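Happy to look at this one with you. Let's go through the labels and ask what each of them rests on.

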Amino acid sequence: MSNLAQADIFFFISGVGFLIVFALVVTALFYVIGVLRDVRGISKKVREESDNIIAEARAFRGSLKDAGNKMLAFFFKPFVRKSSRRKKKEESDSQ
């Protein structure tokens, strides 16, 4: 077989191989793009939910602080003197 015929066969086989590899790469890219879109959607949902969790945690912490303050006020109210009561009592006694 002549060198020219061997070169033609080589280039034909390498061209077909290149087309097959190119088709596989394009197919893989379509799948990768689909996966990246799904990841973007999932990360967007995670971001929204984490913002919701943070807001709920802040609200919960605020309600705990309010409940704690109310509880402290309930237990220590008898021990706290209110000057306004004494002043009102003294004013009513003096009249």
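Q: Which residues gather in a patch of negative charge on the surface?
A: In this predicted model, the patch of negative charge is formed by E48, E49, D51 and E56. Asp and Glu count as negative, and like charges are joined into a patch within 9 Å.

Q: Why is E48 called partly exposed?
A: The relative accessible area of E48 is 41%. As for its place, E48 lies in helix α1.

Q: What makes M1 exposed?
A: Exposed requires over 50% relative accessible area. M1 has 76%, so M1 is exposed. M1 is placed in the segment before α1, a helix that covers 3–76.

Q: Which residues make the nonpolar surface patch?
A: Good one to find on the model: M1, I9, F12, I13, V16, I20 and L24 make a nonpolar patch of about 770 Å².

Q: What makes the pair of F18 and F22 stacked?
A: Their ring centres lie 6.3 Å apart, with the planes at 20°. Planes under 30 degrees apart count as stacked, so this pair of F18 and F22 is stacked.

Q: Why are F18 and F22 separated by about one helical turn?
A: Because F18 and F22 are four residues apart in helix α1. F18 has 55% relative accessibility, and over 50% counts as exposed, so F18 is exposed.

Q: What does the secondary structure of the protein chain come to, and what share of its residues is buried?
A: The protein chain has two helices and zero strands. Of its 95 residues, 0% are buried. The chain exposes about 9400 Å², with carbon and sulfur atoms supplying 66% of that area.

Technical notes:
Residues numbered from 1 in each chain as written. Predicted model: local features only at pLDDT ≥ 70, side-chain atom pairs only at ≥ 80, totals over all residues. Heavy atoms only, no water. Patch = residues over 30% accessible without salt bridge, like charges linked within 9 Å, V, L, I, M, F, W, Y side chains within 5 Å. Areas by Shrake-Rupley, 256 points an atom, 1.4 Å probe, with all protein chains shown as cover. Salt bridge = Lys/Arg side-chain N within 4 Å of Asp/Glu carboxyl O. Buried < 20%, exposed > 50% of the residue type's maximum accessible area, 1.4 Å probe, protein only. Phe/Tyr/Trp six-rings, centres within 6.5 Å; stacked < 30°, edge-to-face > 60°. Charge placed at Lys NZ, Arg CZ, Asp CG, Glu CD.
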